[in-house]
Amino acid sequence: MSPSTSEFSAIIALFAALISAGSALIALFAVLMNRKNWRDSNRPIVTVFIDEKSSTEGLTIFNLHLLNSGTRPATGVQLHASKASIQKILSNQAEESRRKHIEGVFTAESRVAVLHAGDTLETSFGIASTDPDQQWLNYGEELEVEVSYRDLEDRSYKSTIPLKVRPREGFGGGIWRTAA
């Protein structure tokens with residue numbers, strides 16, 4: 001038994017409808033993936049690092065840098081660290097005022113309202129010294145820091161970043177300098 005013309009037309013119409021529905025689903029999936037990729041590419045990416053401000057024989061002054069390497073501004077940028085982690089990087093000889101200075105970096109009072117794309121902010125972060133009376137930080141110690149922030153559409157982000165108390169330049173133990 002062969003299909004009649006009307007049955008054949010109905011089968012072709014059903015096949016075309018299925019192809020159209022499949023194409024619509026693929027297009028919808030592509031739009032959703034494109035939107036997700038756009039959001040992943042066009043967002044703030046905030047990192048934090050310690051670097052040397054200046055150094056002389058036996059004394060290194062450090063700053064803490066906050067960098068937005070993303071393509072959009074970050075709002076409400078806040079650094080978090082446990083009290084135990086902070087104590088680990090602080091020297092036993094550090095004065096109470098110096099301890100409070102370092103701890104203050106990780107409080108709500110130090111939250112940055114807006115960090116624009118491409119901007120880097122810095123704040124003083126202590127001294128490592130061979131002289132125990134000037135020692136704030138334990139050179140070479142590491143601190144786990146959580147960075148939390150939001151984008152302009154109020155999506156929230158969190159990253160955990162290890163901070164090491166040592167200069168970034170010469171991270172492997174030294175650098176070659178040209179003779180002057």
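Helices here are DSSP runs of H or I with at least four residues, strands are runs of E with at least two, and both are numbered from the N terminus. On that basis, the chain runs α-β-β-β-α-α-β-β-β-β from its N terminus, which comes to three helices and seven strands. This is a predicted model, in which local features need pLDDT of at least 70 and side-chain atom pairs count only at pLDDT 80 or more, while totals for chains, interfaces and linings use all residues. Residues are numbered from 1 along each chain as its sequence is written, and side-chain values use heavy atoms, with hydrogens and water left out.

**Overall shape and surface**

- The radius of gyration of the chain is 28 Å, well over the 16 Å that the globule rule gives for 180 residues, so the chain is more spread out than a compact globule. (The radius is taken over C-alpha atoms, and the rule is 2.2 Å times the number of residues to the power 0.38.)
- Along the principal axes, the C-alpha atoms fill a box of roughly 100 × 45 × 30 Å.
- How much of the chain is buried? Of its 180 residues, 31% count as buried; the term means under 20% relative accessible area, with exposed over 50% and partly exposed in between (1.4 Å probe, protein chains only).
- Among contacts with a separation of 6 or more, 67% join residues 24 or more positions apart, where contact means heavy atoms within 4.5 Å.
- Carbon and sulfur atoms hold 57% of the accessible surface, which is about 11700 Å² for the chain (Shrake-Rupley method, 1.4 Å probe; for residues, only the protein chains shown count as cover).

**Charges**

- There are 19 positive and 21 negative side chains, and the centres of the two sets lie 4 Å apart.
- Lys and Arg count as positive and Asp and Glu as negative, leaving out His and the chain ends; each charge is placed at NZ of Lys, CZ of Arg, CG of Asp or CD of Glu.

**Aromatic pairs**

- Three aromatic pairs turn up in the whole structure. Rings of Phe, Tyr and Trp (its six-membered ring) pair if their centres lie within 6.5 Å; planes under 30 degrees apart are stacked, over 60 edge-to-face and the rest tilted.
- Phe62 and Tyr139 have ring centres 6.4 Å apart and planes at 40°, so this pair is tilted.
- Phe62 sits in strand β2 (residues 59–68) and Tyr139 in the loop between β5 (120–129) and β6, so the pair ties together parts that are 77 residues apart in sequence.
- Phe62 is buried at 0% relative accessibility, whereas Tyr139 is partly exposed at 45%.
- Tyr149 and Tyr157 form a stacked pair, because their ring centres are 5.4 Å apart and their planes are at 20°. Tyr149 is buried at 2% relative accessible area, and Tyr157 counts as buried at 15%.

**Residues to look at**

- Which residue has a positive phi although it is not a glycine? That is Asp154, at about 70°, in the loop between β6 (142–150) and β7 (156–164).
- Ser159 lies in strand β7 and is partly exposed, at 23% relative accessible area. Beyond its neighbours within four places in sequence, Ser159 touches Val145, Glu146, Val147 and Tyr149.
- Trp136 is in the loop between β5 and β6 and counts as buried at 14% relative accessibility. Leaving aside neighbours within four places in sequence, its contacts include Ile89, Leu90, Arg98, His101 and Ile127.
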